[in-house]
Amino acid sequence: MNINGYNINEYAEGAILLDGLNDAIIGITEEFGKDNRILYSKSKILSILCERDGMSISEAEEFYDFNILGLYAGEQNPVFLITN
């Protein structure tokens, strides 16, 4: 599976993908002794939630905090990068 130029099956097999947020993928993380995980941009996630779902920024941040950041789906849970 290729998403944003990354072959997920090759570099992060078994990693958790978030439905409808493929455009927020900015990379794959690598850590010694750990499985690779998908790296998402928090700002891109918030932008998608606002544009696609019609949320205000405060609604998107609350949804992100409780439903995305608070998700635990296993060892290959996604990782999020905070940028300005």
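## Basis of the model

A residue is termed buried under 20% relative accessible area, exposed over 50%, and partly exposed in between, with a 1.4 Å probe and protein chains only. This is a predicted model, in which local features need pLDDT of at least 70 and side-chain atom pairs count only at pLDDT 80 or more, whereas totals for chains, interfaces and linings use all residues. Residues are numbered from 1 along each chain as its sequence is written, and side-chain values use heavy atoms, with hydrogens and water left out.

## The salt bridge

Side chains of opposite charge can pair when their charged atoms come close. A salt bridge is defined here as a side-chain nitrogen of Lys or Arg within 4 Å of a carboxyl oxygen of Asp or Glu. By this rule the count is one salt bridge. The side chains of Arg52 and Asp53 form a salt bridge, at 2.9 Å from N to O. Arg52 is partly exposed, at 45% relative accessibility, and Asp53 is also partly exposed, at 39%.

## The negative patch

Glu59, Glu61, Glu62 and Asp65 form a negative surface patch. Such a patch takes residues with over 30% relative accessible area and no salt bridge, like charges being joined within 9 Å. Asp and Glu count as negative, and the charge is placed at CG of Asp or CD of Glu.

Asp65 lies in helix α3, residues 57–69; a helix is a DSSP run (H or I) of at least four residues. Asp65 is partly exposed, with a relative accessible area of 39%. Glu59 also belongs to helix α3 and is partly exposed, at 44%. Between Glu59 and Leu46, 13 residues apart in sequence, the C-alpha to C-alpha distance is 9.3 Å.

Terms used: Patch = residues over 30% accessible without salt bridge, like charges linked within 9 Å, V, L, I, M, F, W, Y side chains within 5 Å. Areas by Shrake-Rupley, 256 points an atom, 1.4 Å probe, with all protein chains shown as cover. Helix = DSSP H or I, 4+ residues; strand = E, 2+ residues; numbered from the N terminus.
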